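This briefing goes through a structure with a view to model confidence and to the packing of helices. Keep the sequence and the 3D view open while reading.

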Amino acid sequence: MSKPSDLIQGTLDLLILKTISLEPKHGWAIAKRIEQVSNEALQITQGALYPALHRLEQQGWIRGEWRASGTGREAKFYALTRAGRAQLAKELAQWDRLSNAVALVINMA
Amino acid sequence: MNPRRWLGAMKMRLRTLLHRGRVERELDKELRFHLQQQIEENIASGLPPEDARYAAIRRLGGAEQIKEECRDMRQTAYLEDLGKDLRYAGRALRKSPGFAAAIVLTLGLSIGANSAIFSVIDGVLLKPLPYPHSDRIVRLFFSSNSYPKFPLNPFDFRDFRSRSHSFDSLAAFTRSDVQLSGSGEPVRLAAFRVTAGYFRVLGLGPEQGREFDAKDELPGSGRVVILSDRLWRTQFGAAPDIVGQKITLDSQPFTVLGVMPPGTKHPGNDYHALPYGDSVDAWWPFTFEGNPNQRGSHYMEGIGRLKPGKTPAEAQAEMDALVTEVSREHGRDGGGWHMLVIPLYREIVGADERMLLVLLGAVGLVLLIACANAANLLLARATARQREIAVRMALGAARSRLLRQMLTESLLLALAGGGFGALLALGGVRALVALLPAGFPRVDSIHVNASVFGFTLLVALATGLLFGLAPAMQSSRVNVQQALREGARGATGSKHHQRLRDALVVAEVGLASVLLVGAGLMLRSFVNLLRMDPGFRPDHVLTANLSLPDTEYKTPASALHFEDQLTANLAAAPGVKYAGIGTDLPWTGYDENDGGFLIQGEQPPPGHEFHARYHFASPDYFRALGIPLVRGRFFTGADNHDAPAVLIINSTMARLYWPHRDALGGRVSFEDNPKEKDWMTVVGIVGDVKDQPASGGAEPAFWWPMAQVPLLNGGVMSVAVRSDSDTTGLADVLRREVHRLDPTLAVADVRQMDQIADADLATARFSFFLVGLFAALAITLAAIGTYGVISYSVGQRTHEFGMRMALGAARTDVLRLVLSQGTRLALPGVILGAAGALALARVLRSLIFEVSPTDPLTFAAVGTLVLVVAMVACYIPARRATEADPMVALRSE
């Protein structure tokens, strides 16, 4: 299991943005979803998740809203803003380019 | 970021800043929710509740750190830290009030002085003149090697005007006061005769009515006048129908042609010392009377507005060619004359610009010294706090945070100093304006304004950064281990520090020395000015100006009768020793010349003509003013219209124009082909009187007896009355006698000659006073700096001194050690300062009078003074060094 600190900050942002692109989620749900989808390979700690969420909120790419969660308590649900959607697209393209480039170099023996 | 997103982000930041509490609570809630979810997950996978809780807490990590990181992410941490830094800085400064006060005072004084001088400079030098496109207005002077700025001849001017292509408009003016009579007391008006288009040159136009045109210049016309706004309001009650009305000037009817708008400023003129500003009462046309081929008299001032795109140099080249052309047409060979075309701004501000810039330089130096001092103080403090810094860094404070905090402290001090300085500037400007010599250009445009405050603030911030950064970077580079290990004694291993501080002190002393040399030179020059022989005796002399309108005094004989009667009556009055009348007084800047006259038996140098200042005088004029007779005699009552024509010349004229023989008995003629009756004989040679006290030398001059030659000036004359003792009652005596003879005459400009003399010394006194003030300030600051450094060093070395004395050194040895340390700082400073002063010699030369800028006496005196001051500054710490107790030193080992 790779430690989440191995993830560079930008990648975490990408994961978060992608995760909430389908529907708004709260912090716990985001971390759980990433864990699930990556087959337990990526485990995001609270210490990495919440600062990232706050930064993304400060920059205007996601918007937080307090709602009732399924468990009866209130939780802060994050959703993508329109600018956030554009940013997500940009970061996906960047990731694509990066991973292709890395693959090329690796395959170069 | 696009603007909308940026706005949203800013709103977010503002919200987190303002609703800090709520944001914190929300974060707390979020984290607790997350924890709850984790606990429930743990329980769901089979852990008992207690263990589930602990597992969850362990997994999730420290909440505080997470919160801190989130806070950082919110990027408002910066501002909160700033608030904390400010409070911390405030507390720290309050604990050492002496130090804080020293810095604030140091900075405040120099910033205040800087801003005050800058306000003056802004008003005088930087503000544009109050005419549209004033950069295109130029003054024109006739110029040669011996007379660099000579007035123009009116007919020459007319030729130039019609032939020149460089100017939009060209005009000339000459001072020609008139007497306004009518209801009430007659009033003397300050007036100028101007050619048509004069106002067009300035870019101004009458508020009411119209300007003069070419018709008004024709001989016989010109009985029209344009009034100033102030005159219209005060003398005519702002009558709305003033245009077209007739008023009486010099007993003649003049039609009012127009009124100028308020605030019309006169473009400066030296003669009669009309200060730059709104003091002209009336303008009337100059008419070209007399023989157009008579090109000898020069008394017009030229002014012109250049065509767009033309430079003064181009205009000057064209005018030079015209001068030669016109001269040749009149049978003169040009005689080395050309035209000088100067921008108006330069002409008005001119000499004073130099002085102001030098003052600004001086103030800049003082500011530098103040910064060095402040830097020194802060550096010393930082060194002393090294232990504290080391501890904080060991506890995990970031270097950048510490740096920021020290910077905040410095900026706080700088701003406090700046605020104090701003207050000083306000008061200082008012004080400076009050101290400025009379006639200083553009005094009325000096205010404290927004740009000065901006400048002050800039200076404050720059000094804060400058001296905040250096010590801050120094202290934060301290080796933590070393600092902690050094124990209670504090780090002595800061050789770097010490050297920097020593360098600062040397620089301070050097800069202060430069200022002291400047002040010393100005002092000597001022003393020279005071001791200078004026050429006459200005004490106990009362002067006044009169004008006799030629309608009342139609013949020269009637004017002469008045003059004779007046001088006789005055001389008979009690308390009066001598009374004289002449066309002008010494030291008023009078510079009207006549030229092209003939001297029997002498030839002018090739290509040149004879020129000299011309005046008229009554017999006792010279005695009244105390102008000494060198040879020959003064005029007497016998030199009247029927007697042979005579002349009195001054020593300079005698020396220049009769180089090989005695001028006494020489003959001069003002006609081209003189007959016997046209020759005038020189009967007396008098002492030289300069145009202005600080003029280089006297110009050649001659006097005609008033009895023999009809007055040229339109009846304007000056009266000089010498008393044996007190001149206070004389003014009334003078007025009484004038009005006894003619009640319609106005007695104007009643002044004591001392006052006129004094006013001219004022500029020199002012500069000397200011530079002296700055020099005193500088040397005080340098002394404080030296004291600080030596004192600190002694404090560090107390242990060492104690050891020395325990090992047998006498107290005097220790004293000598400390004093020599001080000398090692002061001496290089003095040498540097001397070198700097020598380098600036050229700049200083223009400000001093009859003193060499490399005067060895001044340099020696300054060097000695600085060394003595440095020694005095070291004395107290030296004494303290000798009081180091050897027992204490030994015990602490």
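The model is a predicted one.

**Confidence in chain A**
- Chain A as a whole has a mean pLDDT of 84.
- A pLDDT of 70 or more is reached by 91% of the residues of chain A.

**Helix α2 of chain A**
- Helix α2 of chain A spans residues 27–37, and its buried residues are A:Gly27, A:Trp28, A:Ala29, A:Ile30, A:Ala31 and A:Ile34.
- After α2(A) comes A:Asn39, which has a positive phi, near 55 degrees.

**Helix α10 of chain B**
- Helix α10 of chain B runs over residues 312–329, 18 residues in total.
- From first C-alpha to last, α10(B) reaches 25 Å, close to the 26 Å expected at 1.5 Å a residue.
- B:Pro312, B:Ala315, B:Met319, B:Leu322, B:Val323 and B:Val326 are the buried residues of α10(B).
- These residues lie on the same side of α10(B), because they cover an arc of only 110 degrees around the axis.
- Exposed residues on the other side of α10(B) are B:Ala313 and B:Arg328.
- The cover over the buried residues of α10(B) includes, from chain B, the strands β1 (137–143), β2 (167–175), β11 (301–306) and β12 (338–343), along with helix α7 (154–163).

Notes. Residues are numbered from 1 along each chain as its sequence is written. Chains are lettered from A and ligands numbered from 1 in the order in which they are written. This is a predicted model: local features need pLDDT of at least 70, side-chain atom pairs count only at pLDDT 80 or more; totals for chains, interfaces and linings use all residues. Helices (H or I, at least four residues) and strands (E, at least two) are DSSP runs, numbered from the N terminus. The expected span of a helix is 1.5 Å times one less than its number of residues. A residue is buried if 20 or more other C-beta atoms lie within 10 Å of its own, exposed if 12 or fewer, and partly exposed in between; C-beta atoms are placed from the backbone. The arc is that of the directions from the helix axis to the C-beta atoms. Two residues are in contact if their C-beta atoms, placed from the backbone, lie within 7 Å. pLDDT is the predictor's confidence in each residue, from 0 to 100.
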